[in-house]
Structures are given as structure tokens and as C-alpha cells.
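The following note sets out comments on the model under review.

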Amino acid sequence: MNGVHDMGGMHGMGPIEREQDEPVFHEEWEGRVYALTRVLRLGPKWNVDMSRYTMEQLPPARYLASSYYERWLLGLEARLVASGVVSAEELADGRARPGGAKMPLMAVDEVRASLGPWRAPHPEVGVPPKFNAGDRVVACKINPVGHTRLPRYIRGRQGVIEHDLGVQRFPDTWVACQDPKPQHVYSVRFAAQELWGPDASPRDALYIDLWDDYLDPA
Amino acid sequence: MKTDAHEHHHQGTDLSDVALRVRTLESLLIDKGLVDPKALDLIIETYETMIGPHYGAKVVARSWVDPQFRELLLTDANAAVEQFNFTTIAGALPTRIVAVENTPKVHNVVVCTLCSCYPTQILGLPPTWYKSAAYRSRVVIDPRGVLKGFGLDLPDDVEIGVWDSNSDMRYLVVPERPAGTEGWNEERLASIVTRDSMVGVAKVTAP
């Protein structure tokens with residue numbers, strides 16, 4: 001969707017404010033929201049794309065006025081209600097009523113067991129790529145009202161396939177776990193002037209990961 | 001408690017109300033038997049005390065002293081990072097790592113314009129500026145201006161590559177090794193590699 005979250009290239013968002021020796025969480029509640037998001041398993045139709053899409057659908061003024069973890073909280077509340085785990089009444093007064101969708105509990109032992117040496121997940125194989133490194137491509141001009149990972153500033157622009165990054169699920173159809181549509185994703189290089197016009201540096205480039213379904217041959 | 005908390009304001013929102021809402025939500029989920037508060041404690045503790053940019057710093061330092069490792073890092077960052085056995089919490093996202101190399105002629109910088117994707121498994125949780133609308137909107141259209149704001153004034157003949165991480169790939173910038181560190185061992189080198197240099201908004205400098 002053409003939401004305010006898709007902000008690459010927008011002006012007027014103010015100065016970039018940095019903080020020395022920033023804590024991981026500024027307030028205790030931020031850590032609780034982060035951890036709640038990690039442990040709640042809201043059933044088979046909920047995945048990270050759906051989490052992102054829920055936050056993208058926040059009213060734009062609300063999105064921009066909220067801090068990062070406030071958006072996580074708003075998204076979490078919306079997902080809990082939408083999945084039937086918690087009712088709006090329970091959320092409003094904090095008192096549990098009987099009933100509601102069941103969900104497996106992630107106990108502390110399970111979290112402890114999942115602590116371990118980092119291992120990269122292995123992507124699916126056996127899906128043929130549509131493009132090769134060096135191919136000239138153009139990003140589709142689409143304006144879906146649903147979830148997409150193709151930002152506006154890339155649509156309709158020409159670039160070159162830099163690397164094949166392997167196979168991933170397609171966010172636009174995987175968002176509600178409808179269809180994973182596994183396909184190749186490429187790192188695609190766009191000249192800064194192709195994206196932003198002659199005022200941009202003639203040397204600079206933008207790299208973004210694009211799925212086969214976002215691309216046509218140039 | 002409520003009076004004190006009302007003193008804090010952040011981006012136009014009353015934090016005390018948010019804190020109360022989160023507390024209410026957590027206790028509701030505990031009452032419904034859906035959440036184990038000790039699981040939350042362990043996740044928070046792990047990110048506050050264990051996972052952080054010191055992981056990435058070790059990777060970068062090794063790439064400065066071991067050419068074979070550097071080659072592996074730049075061609076298969078996942079295999080390279082797996083060698084360190086960094087403790088993380090498994091199973092959040094199917095994210096893989098790509099390392100991009102800074103040289104005297106090319107400078108790379110990472111962003112996620114659509115949300116805030118970040119190589120959490122080797123840098124920990126992202127700083128607030130990385131997640132801000134100001135950074136996400138601007139670094140793609142004005143990377144030189146943004147880097148100048150971070151104190152990095154790059155000459156015109158240096159190519160800037162901006163990496164918008166919108167898929168399951170997470171980008172690690174491998175900064176240049178600074179002059180004056182000849183003969184340093186890996187551990188000492190790792191101690192000067194900063195988080196910002198691995199996002200690409202700073203260079204590493206020798207003290």
C-alpha cells in the first residue's frame with residue numbers, strides 16, 4: 001500500500017537525532033512489547049509480513065506521531081484482537097473473560113532452548129531464476145492496496161541485476177499466508193540519477209532486493 | 001508513580017499511558033495463560049546483555065587480519081559468521097547476512113526505508129536514529145548530506161552505495177582498517193570497530 005511507512009525520498013522529516021551510549025530499551029515497557037511480540041504465536045495466518053502490514057495500516061498521522069515501540073504495541077494489540085485471542089473489551093479494561101482463540105504458550109524453557117550459536121536458515125532450492133547478474137531490468141509500476149516490499153521510489157525505474165540472492169517467499173501474497181510463491185530475489189543496482197534526477201551524484205547508487213514478480217526485462 | 005511518569009514526553013506521546021497499557025496487556029495475557037513472564041525476562045536480558053555490536057566487531061576484525069576469511073565473508077557471509085558460534089535466539093525471522101566492503105573508492109551505508117530491518121543477529125537491536133523517519137526518508141535521496149551530518153565528508157570521487165534492506169537479507173558493512181593499527185591482534189582491532197561503522201555512517205579510526 002502507498003502508506004506513510006514507504007518514506008524513502010520524502011522531505012521534511014526533521015534532523016537525524018543521535019544519542020550517545022543509547023540503552024537497548026529506553027523504558028521498561030519497550031522491552032516488554034518487544035518480547036511479547038517475539039513470544040506470541042497467533043496462529044497459522046500470522047507471519048512477519050502480516051505484522052508489518054498491520055503497522056502500515058495505522059493512520060498516517062498516528063504512525064508518524066508514535067515512537068517505534070508504540071507502533072509495535074499498536075500492531076500487537078490489533079493482531080491480538082483480529083486473531084480472536086483477546087477481545088476489544090479485555091484490551092480496554094485488562095480483565096480476562098472466558099473463551100477466546102487458543103494459542104500455544106512459549107515457556108521460558110523453550111526460549112532458553114532456542115538460545116544457541118547462530119546458524120543461517122537455508123533457502124528453498126529448485127526454483128529457476130528469471131534473471132542473471134548483469135541483466136537490465138525495470139521495476140514494475142504497481143500500486144497495490146495490500147502489503148508490498150516494492151517501495152514507490154523504485155517503481156518504474158531501470159536497474160541492473162547485481163547478485164542473485166536465492167529464493168524467498170513473495171511478501172505480497174505471503175502476507176496472510178495465502179501463497180508463498182517462492183521465487184528468486186536479486187540485489188538490483190539503480191544509479192542515483194535514475195532515481196532522483198540530474199541533481200543526484202553521477203557516481204552514487206542504490207541497491208535494493210527485488211523479487212522476480214517485481215521485475216520485467218528492460 | 002503516575003505523576004512522575006507524566007513528566008516524560010516523547011514524540012508527542014505520553015509514555016506513562018503507554019507503560020500502563022503495556023502492563024495491562026501483559027497481565028491480561030498472563031491471566032489468560034498465553035504468556036510466561038519469565039520468557040519475556042529472558043528475551044529482554046539476552047538483548048540487553050549478550051547480543052550486540054561486539055559480535056560484528058569480531059567478524060570485521062578477523063576480516064582485517066585473515067585474507068581467506070575476508071574472501072569467505074564477502075562471498076558467503078553466512079558461512080563466515082557461523083564460524084563464531086555467536087549466541088542468538090533462534091527462529092524469529094529467516095534472515096541471512098550479506099557483507100559489503102568499504103574501500104578507498106566505494107563507501108556503503110545501510111537503511112531499511114519501509115520498516116527497520118537490521119542485522120540484529122550480529123549488531124543487536126538497532127539504535128533509535130536508524131529507525132527514525134528522518135534517517136529512513138533521507139539517506140536514500142541525500143546520502144552525502146546524511147553522512148556529513150554523521151561527521152563523514154566523503155570526496156566526490158568516492159562512490160556511495162546505499163543498501164535498502166527490504167527482504168530477508170541483512171547487510172553488514174565491512175569498514176576499512178584504519179592506518180596506525182599495523183601489528184594489532186584481532187582482539188585489539190575488534191575493540192575499535194564501532195556499530196556506526198558497520199552500518200556505514202562512520203569510519204573506524206585508530207585511537
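Predicted model: local features only at pLDDT ≥ 70, side-chain atom pairs only at ≥ 80, totals over all residues.

1. I begin with one asparagine of chain A. A polar atom of the Asn47(A) side chain lies 2.9 Å from the backbone nitrogen of Met50(A).

2. The setting of Asn47(A) deserves a description in the text. This residue sits in the loop that runs between α1 (28-39) and α2 (48-56) of chain A. Beyond its neighbours within four places in sequence, Asn47(A) is in contact with Trp174(A), Val175(A) and Cys177(A). Its relative accessibility is 13%, so Asn47(A) counts as buried, the limit for that class being under 20%.

3. How many disulfides does the structure hold over all chains? There are zero. Cys115(B) illustrates the matter: the closest cysteine sulfur to its own belongs to Cys112(B), at 3.6 Å. A disulfide requires the two sulfur atoms to be within 2.5 Å, and the pair is therefore too far apart for a bond.

4. Solvent exposure of two cysteines may be reported alongside. Cys115(B) has a relative accessibility of 17% and therefore counts as buried. Cys140(A), at 14%, counts as buried because the class takes in values under 20%.

5. Chain A contributes 92 residues to the contact and chain B contributes 87 residues. About 7,900 Å² is buried between chain A and chain B, and carbon and sulfur atoms give 61% of that area. Which three residues supply more than any other three of the area that chain A buries against chain B? They are Ile16(A), Arg32(A) and Trp118(A), which supply 11% of it.

6. Between chain A and chain B, 37 residue pairs are in polar contact, with both residues at pLDDT 80 or more. Six salt bridges are found across the interface of chain A and chain B. One of them joins the side chains of Glu90(A) and Lys32(B), with an N to O distance of 2.7 Å. By class, the side of chain A that touches chain B comprises 51 nonpolar, 18 polar and 23 charged residues.

How values were computed:
Residues numbered from 1 in each chain as written. Chains lettered and ligands numbered in written order. Heavy atoms only, no water. Buried < 20%, exposed > 50% of the residue type's maximum accessible area, 1.4 Å probe, protein only. Contact = heavy atoms within 4.5 Å. Buried area = accessible area lost by both parts, 1.4 Å probe. Salt bridge = Lys/Arg side-chain N within 4 Å of Asp/Glu carboxyl O. Polar contact = N/O pair within 3.5 Å; in protein donor to acceptor, adjacent residues only side chain to side chain. Nonpolar A, V, L, I, M, F, W, Y, C, P; charged D, E, K, R; others polar. Helix = DSSP H or I, 4+ residues; strand = E, 2+ residues; numbered from the N terminus.
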